[in-house]
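Please examine the sequence and the three-dimensional structure shown below. The paragraphs that follow lead through the chains step by step.

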Amino acid sequence: MARPLAVDQQTDADVRRSSEMGGAHLAQTGNGHRGGDEAFRGNEEQYRLLLEGIQDYAITMMDPNGTITSWNAGAEQIKGYTAAEIIGHSFACLFVPEDIVRGRPKELLRITADRGRHVEQGLRVRKDGSQFVAALTLTALRDGGGRLLGFSEVSHDLSQSNESGAKYRGLLEAAPDAMVVVDQAGEIVLLNLAAEKQFGYRRDELLGQKVTNIIPVGFAERLIADDLRSAADALAQHMGTGIELTARRKDGTEFPIEIMLSPLENTEGILVTAAIRDISVRKAAEAHLAQSIEELSRSNQELEQFAYIASHDLQEPLRMVTSYTQLLSKRYSGKLDADADDFIAFAVDGAARMQLLIRDLLAFSRVGTQGREMLNVESSEALDRALLNLQGAIEDSGAIVTSDALPVVTADGAQLVQLFQNLVSNAIKYQGPGAPLVHLSATKSGSRWRFSVKDNGIGIDPQYFVRIFGMFQRLHGRDEYTGTGIGLAVCKKIVERHGGTLSVESQPGNGSTFTFDLATESAK
Amino acid sequence: MTFIGSNGMPIEVLLVEDSPGDVRLTREAFREANLAIQLHVASDGVEALAFLTRTGAYAEAPRPDLILLDLNLPRMDGRQVLAHIKGDDDLKTIPTVILTTSEADSDIVMSYTLRANCYLSKPVQLDAFEGLVKSINDFWLTRAKLPQRQPAR
């Protein structure tokens, strides 16, 4: 068992001085202080017994380095270590890892040595690893010459306390978020370990200071009641919801936070507890996401621009190829030999097909780059215009196109015409044995209209349901059906630009039904 | 009163076009349409203005009866040439037809705003192009009454 420190060396003057500087009172003895060793030993024994007998308070002595030299029964009860286990070890082992990392044990000793006495509430660790909130008083022990002999620490477990304030402080301390309690004047009256860590201050540097030191803008303003509403009303508006603000650390660096406020009525008025969460990570993730989306949409746009410019600029040289092969054919067909006629015919045909491809590629890229505003559109009128454009094909094939009453939708009118035109045109083109019958209908589903274009054509094998919507995808030879295979890709792109989906149901020989959805009429 | 094309006078047409392929195609098409047409070519806007103002190598250039103007040209583009022609008291009476590949609404609106007499886009197919040139000849150089040319200076 270690000897209590410094007792036999103190004089009354020392005691007074020690008192004045907040030093130890342990040495204050009524009598026999200057008496023989015998008497003193008796006193010492009494004190030892007294200290050891105290169960509710942990009383610990340390040397100037924080090495534990004495440990009472209360300490064993509260912290779990026996005296034999702990004496000779640094009191740092009672701190939570975060505090150890930031050098809090040494710092506490320094503060106590400077001021003589230090009171705080802090998290401590038991032998079994569990944590608790301790209210503790550290006292510097000095000899007559002012030389530091060591420290005493008296502490008790707040979480065991029945006092509600203590319980509250315990909860506050154990909270994973930084918690700061502020009074109506905007001064910090309480804060927890997480707050110390988050802002980089020691507790004693913030207590009594303005909260604007750590949250410059947006918090203090919310505490102030104006003429029209009480403080409680002012606060009620901000309670519960997360408020995003900027916080400032001791080193001046700033970081984004979200704070949740809750009022706390006490005898002195309303206090506000702010739970402060560092949202740097979330903010960074949000910024990263926004950036990714922007990059993606930019690269998409660039791609569309590229397709547009490429197809547009390719038209010029291609027009030359087409024109001159046609001129060649016109002037020299039948005037050279049979091979020459073949070659010219292939060149004319190739150039013509390429022209169609480029025209369609341009049409496809225009869906994205040249789209117009979404307005309320009579879909029946769009269909009428599409049918007018298809008049020739309808008459040639003997097709009968019918439709139910069609609704007003929110759409790009020109694109809706093109959509109907491409779908009806396909329905006619891929006709079955009889005359093509095409029927259009629309059913409402929530805020969308589902359109169907049903035909009695040759149908599509389900294995091609995905492929048919791809660019330049064709299921048939050019001899059977004309076209570049862009029609449905354009349809899909138009529907997607309108926030819908285009799909198909079909069986070979049993016709096809294409369905897509558009937004209902928008309120003016 | 004499009108262009009558009494054996050649019809002077200025084609402002930078693509030799298009120049030749237009020449071929006019040859089929009207042998009386004298086609002059300026391959950019600067040349076109030199021709019209009879500057430098073009001191002896005739005043055209019709101008066919492409919009996208090197050095000085067709919009600037058009603005110059229609802003010039002497030149503004010459019918100026825009003949270009552009089908952009903005180009069409701008051309008429700058007082182009007509806007035509070049068709892709040879037949259609020949038909267009023929219709230019039929309308502008045959049916339309144009101001009489000033006697050469």
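Ala33(B) is partly exposed, because its relative accessible area is 27%; buried means under 20% relative accessible area, exposed over 50%, and partly exposed in between, with a 1.4 Å probe and protein chains only. This is a predicted model, in which local features need pLDDT of at least 70 and side-chain atom pairs count only at pLDDT 80 or more, while totals for chains, interfaces and linings use all residues. Residues are numbered from 1 along each chain as its sequence is written, chains are lettered from A and ligands numbered from 1 in the order in which they are written, and side-chain values use heavy atoms, with hydrogens and water left out.

Ala33(B) lies in helix 1 (residues 20–33) of chain B; helices (H or I, at least four residues) and strands (E, at least two) are DSSP runs, numbered from the N terminus. Leaving aside residues up to four places away in sequence, Ala33(B) touches Lys134(B) and Asn137(B), where contact means heavy atoms within 4.5 Å. Ala33(B) and Ile136(B) are 103 residues apart in sequence, and their C-alpha atoms are 9.4 Å apart in space.

Ile136(B) and Asn137(B) are among the buried residues of helix 5 of chain B, as are Leu126(B), Phe129(B), Glu130(B), Leu132(B), Val133(B), Trp140(B) and Leu141(B). An α-helix has 3.6 residues a turn, so residues three or four places apart point the same way.

Chain B also holds an open sheet of 5 strands in the order 2-1-3-4-5, with parallel pairing; two strands pair if DSSP finds at least two bridges between them. Strand 2 (37–42) and strand 5 (118–121) of chain B stand at the edges with a single partner strand each, so one side of each has no neighbour in the sheet. Within the sheet, strand 1 (residues 11–16) and strand 3 (residues 66–69) of chain B pair in the parallel sense over 4 bridges, and Val13(B) stands opposite Leu66(B) in strand 3 of chain B.

Chain A has 17 helices and 17 strands, and of its 524 residues, 42% count as buried. An open sheet of 5 strands in chain A has the order 2-1-5-4-3, with antiparallel pairing. Here strand 2 (68–71) and strand 3 (117–125) of chain A stand at the edges, each with a single partner strand, so one side of each lacks a neighbour in the sheet. Strand 1 (residues 58–62) and strand 5 (residues 148–157) of chain A pair in the antiparallel sense over 5 bridges, with Thr60(A) opposite Glu153(A) in strand 5 of chain A.

How much area is buried between chain B and chain A? The area is about 1300 Å², of which carbon and sulfur atoms give 46%; buried area is the accessible area (1.4 Å probe) that two parts lose on being put together, summed over both. In chain B, Leu25(B), Val124(B) and Leu126(B) lose the most area to chain A, together 39% of what that side buries. The contact takes 17 residues from chain B and 12 residues from chain A.
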